[in-house]
Amino acid sequence: MACYAISDIHGRYDLLKDAVDTFIDLSKDQLILVGDYIDGDEHADSYKTLKYIYSLNQKYNVIVLKGNHEEWLLNWLFDYTSLNVKCYPDIYTIQDFLGEEQFSRIFARANKMEDSLTDMLYPLCKEAILEKDIELLNWLKELPMYYETEHEIFVHAGIDGKYWKETNDINDYLMARPNFFDFKKVVISGHTPTFKIVHNSHFHGIYKEKNHIFIDPCVKKYKHLNVLKIENQNYYEVRKGKVRVLKSSHLK
């Protein structure tokens, strides 16, 4: 059995499904999704992506971790604050959840009200989403923030310090900047696009540094998802027609 990891999909259902169909045998392999499934551009479909991931999680050996964009959506919908940085869900995500027809009806209704369009549109959309998709949203609430195996720790953004389980909170797991602390295990994370880590605007592949592997490709910019394969403590970047070995000897 091999293990695969993908992160920062941002509504690109088409790219995710293509990656799963091309590289992963869900009947025997494990898939770990490392957060940020929503809030894409006009070409994305956040709702379709979430529904697909939910179905995989229910049927197969698929681990789904929470990202900061999922937490922002939950903060907005359920009126609580858990992250130090506050952000509303992208308008494209809201439209994806409601569908074009329902969103248009809500928009027209909000436009007729005396208050400003923005003041009325978002509460009406929130009400409709909560009524329509509470089962999906409750599942989203319960997603874990990290997943640990014998040799790896998977987390959306980062972990910090030797006693990270005792000292880290949701802001570390979902929002932290890369930290190259020497862990005994390999830390696999997304959140920060790899081109920012290597300071090379042309780079969007998987990047390793010590015992950290970063896999966020910045899908909005490069229209591409990175796929990390893990087998027998060896790490590979897989693409169609190409496999790049991330040698274990390069990892501390």
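This is a predicted model: local features need pLDDT of at least 70, side-chain atom pairs count only at pLDDT 80 or more; totals for chains, interfaces and linings use all residues.
Start with the largest pocket, which has a volume of about 500 Å³.

Is His-69 buried or exposed? It counts as buried, because its relative accessible area is 15% and the cut-off for buried is under 20%. Show what surrounds the side chain: leaving aside residues up to four places away in sequence, His-69 touches His-10, Asp-36, Ile-38 and Asp-39.

Next, follow E7 into its sheet. Five strands make an open sheet here, ordered E4-E5-E6-E8-E7, with mixed pairing. E4 (146-148) and E7 (207-209) are the edge strands, each pairing on one side only. Look at how the strands are turned: neighbours in this sheet sit at 15° to each other on average, direction ignored. At the E4 end, zoom in on E4 and E5 (residues 152-155), an antiparallel pair with 3 bridges. Select Tyr-146 there and you'll find Val-155 of E5 standing opposite.

Now for the inside. Nonpolar side chains tend to be buried together in soluble globular proteins. The largest nonpolar core in this model has 49 residues, and Ile-6, Leu-16, Leu-31, Leu-33 and Trp-139 are those with the most contacts inside it. Click on Leu-33 and display its contacts: not counting residues up to four places away in sequence, they are Ile-6, Ile-9, Leu-16, Ile-53, Val-62, Ile-63, Val-64 and Leu-65. There is also a second, separate core of 16 residues; to locate it, select Cys-3, Ile-32, Phe-154 and Val-186, which are among its members.

- **E9 and E10:** strand E9 (residues 228-231) and strand E10 (residues 234-239) run antiparallel, joined by 4 bridges. Glu-231 has Asn-234 in E10 as its bridge partner. Between the strands are 2 residues, and Asn-232 takes a positive phi near 55° in this hairpin.
- **E10 and E11:** E10 also pairs antiparallel with strand E11 (residues 242-246), over 5 bridges. Select Tyr-235 and look across to Leu-246 in E11, which stands opposite. This hairpin has 2 residues between its strands, and here Gly-241 takes a positive phi near 75°.

Key: Residues are numbered from 1 along each chain as its sequence is written. Side-chain values use heavy atoms; hydrogens and water are left out. Two strands pair if DSSP finds at least two bridges between them. Axes are lines fitted to C-alpha atoms, for helices over the stretch in contact, and angles run from 0 to 180 degrees between N-to-C directions. A nonpolar core is a set of buried Ala, Val, Leu, Ile, Met, Phe, Trp, Tyr and Cys residues joined through side-chain atoms within 4.5 Å. Buried means under 20% relative accessible area, exposed over 50%, partly exposed in between (1.4 Å probe, protein chains only). Contact means heavy atoms within 4.5 Å. On a 1 Å grid over the protein atoms alone, a cavity is a set of points where a 1.4 Å probe fits but cannot get out, and a pocket is an open set with protein on both sides within 12 Å along at least five of seven lines; lining residues have an atom within 4 Å of a point. Grid points are joined across faces, edges and corners, and a volume is the space filled by probe spheres set on the points.
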